[in-house]
Amino acid sequence: MLEEVRDHWYWRPGWRPDRSFYAWHVTFDGRPEIAALHASYGELLNDLPGFTPVPLEWLHLGLQGVGFTDRVPDADLADIVEATRRRFTQVASFPVTVGPAELDAESIQLPVRPTEPLQHLRDLTRAAITDVWGDDAVPELPELNPHITLAYCNHNTPTAPITTRLLAHTSHSTALSITTLTLLTLTRTHHLYHWKPDLALDLD
């Protein structure tokens, strides 16, 4: 059991306020199931000290990074997109369960299960990057833990009072289908991740 939740908002290597990053994410614009689930935890998150809630429009499930926008030539990005599109031709949409909320080392998040079909999507995006840049251009990543973050911790804080309040709150979850994967230009400003969508790949 964690004794302390860490501040999430340190700058990871290569990141700075004026720099953006290409990434494949699942996003949830226009998904009423996620909007209702987000609202069901709103009162808790808005009253939880030490956490920055994620607005509905910026909820996301991160899948695979491509690279910083100032390091990825437009032609390479187009080739990666085309390689990804080719590999996705036989990929069908699939159902998942989202929630209930749980405390992580730096956030409160909604786990997304099962992991296997999302891992398959990640494997395909990584293979497409390899098609263009080769094996050594795709960094090793930790094991996929699919989730949607509801709130990020903004300073180190003990877990006990957070866990108590989370357990006292009614648990909520939902089911939905993953139907689209989006390439986006991701930016971080202060305590917020936001993005511009570049294109979406629909799953059959």
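1. Tyr193 has a relative accessibility of 15%, so this residue counts as buried; buried means under 20% relative accessible area, exposed means over 50%, and partly exposed covers what is in between, with a 1.4 Å probe and protein chains only. The model is predicted: local features need pLDDT of at least 70, side-chain atom pairs count only at pLDDT 80 or more, and totals for chains, interfaces and linings use all residues. Residues are numbered from 1 along each chain as its sequence is written, and side-chain values use heavy atoms, with hydrogens and water left out.

2. How many aromatic pairs does the structure hold? There are seven. Rings of Phe, Tyr and Trp (for Trp, its six-membered ring) pair if their centres lie within 6.5 Å; planes under 30 degrees apart count as stacked, over 60 as edge-to-face, and the rest as tilted. The Trp9–Tyr152 pair is edge-to-face because the ring planes are at 70°, with centres 5.0 Å apart. Trp9 lies in the loop between strand E1 (4-5) and strand E2 (20-27), and Tyr152 in strand E8 (residues 147-153), so this pair ties together parts 143 residues apart in sequence. Helices (H or I, at least four residues) and strands (E, at least two) are DSSP runs, numbered from the N terminus.

3. Both partners of that pair are buried: Trp9 has a relative accessible area of 7%, and Tyr152 has a relative accessibility of 8%. Trp9 also pairs with Tyr193, in a tilted arrangement with 5.3 Å between centres and 35° between planes. This second pair links Trp9 in the loop between E1 and E2 to Tyr193 in strand E12 (residues 192-202), 184 residues apart. Trp9, Tyr152 and Tyr193 form one aromatic cluster.

4. His8 is found in the loop between E1 and E2 and is buried, at 8% relative accessible area. Which residues is His8 in contact with, leaving aside neighbours within four places in sequence? They are Glu106, Tyr152, Cys153 and Tyr193, where contact means heavy atoms within 4.5 Å.

5. Two arginines sit over rings. Arg12 lies over the face of Tyr10, 3.9 Å from the ring centre. The charged end of Arg19 is over the ring of Phe68, at 3.9 Å from its centre. The criterion is NZ of Lys or CZ of Arg within 6 Å of the ring centre and within 35 degrees of the ring normal.

6. Strand E4 (residues 60-68) is mostly covered, with seven of its nine residues buried. E2 and E4 pair in the antiparallel sense over seven bridges; two strands pair if DSSP finds at least two bridges between them. Gly65 in E4 is the bridge partner of Ala23.

7. Helix H1 (residues 32-40) has Ile34, Leu37 and His38 as its buried residues. Seen down the axis of H1, these fall within an arc of 100°, so they line one face of the helix; the arc is that of the directions from the helix axis to the C-beta atoms. Pro32 and Ala39 are exposed on the other side of H1. The cover over the buried residues includes helix H2 (42-46), strand E5 (94-98), strand E7 (107-113), E8 and strand E10 (174-178).

8. Glu57, in the loop between strand E3 (51-53) and E4, is exposed at 58% relative accessibility. Glu57 and Leu121 are 64 residues apart in sequence and 23 Å apart in space, C-alpha to C-alpha.
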